[in-house]
Amino acid sequence: MVGDPGAWGRMRRMRSEVISVRTGSRPTVRDITAEAERFVSGQGDGLLHVFVPHATAGVAVIETGAGSDDDLLTALDDVLPTDDRWRHRHGSPGHGRDHVLPAFVPPYATLPVLDGRLALGTWQSICLVDTNGDNPERQVRFSFLPG
């Protein structure tokens, strides 16, 4: 490596993969932690970037399984109701709110990876948040940048 200035860059290349996630026709919070764990397994230290390339979905790091996922959807309904107030009007009634969602639940999250394992808190999960029932299949890009 000493005599080859390009070796460091080749060894530290970002790895990226896209997975498909079925979210269905109703607003949902879908836990994708297991998929993320598989992606970083054995990768050493670095950062995992999770990105949803959609204008109507987001990524949240929250507790799941104890009602928080449903609470999040309820809170989003309170803040972003499905009614006719939205100027963006194509799709299902109230679909304009889906296009505002990423301002509240961003389409990305970056997480530390230590020794090939996600450094999440005890109750934290990585979740795809999708309020748009018009698109039942979503793409999620995992990108790992070695440390």
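User: Which residues of the largest nonpolar core touch the most other members?

Analyst: First, the ground rules. This is a predicted model: local features need pLDDT of at least 70, side-chain atom pairs count only at pLDDT 80 or more, and totals for chains, interfaces and linings use all residues. Residues are numbered from 1 along each chain as its sequence is written, and side-chain values use heavy atoms, with hydrogens and water left out.

A nonpolar core is a set of buried Ala, Val, Leu, Ile, Met, Phe, Trp, Tyr and Cys residues joined through side-chain atoms within 4.5 Å. Buried means under 20% relative accessible area (1.4 Å probe, protein chains only). Here the largest core has 20 residues, and Ile-32, Leu-48, Val-50, Ile-126, Val-140 and Phe-142 touch the most other members.

User: Which elements give two or more residues to this core?

Analyst: Helices (H or I, at least four residues) and strands (E, at least two) are DSSP runs, numbered from the N terminus. The contributors are β1 (15-22), α2 (33-40), β3 (46-51), β4 (57-62), β5 (108-114), β7 (125-130) and β8 (137-146). A second, separate core of 11 residues includes Val-29, Leu-73, Leu-80 and Trp-86.

User: What is Val-50 in contact with, beyond its neighbours within four places in sequence?

Analyst: Contact means heavy atoms within 4.5 Å. Val-50 has partners including Ile-32, Val-59, Tyr-108, Ile-126 and Phe-142.

User: How many helices and strands are there, and what pattern does the chain follow?

Analyst: The chain has 4 helices and 8 strands. Their pattern is α-β-β-α-β-β-α-α-β-β-β-β.

User: What share of the residues is buried?

Analyst: Of 147 residues, 38% count as buried.

Methods:
Buried < 20%, exposed > 50% of the residue type's maximum accessible area, 1.4 Å probe, protein only.
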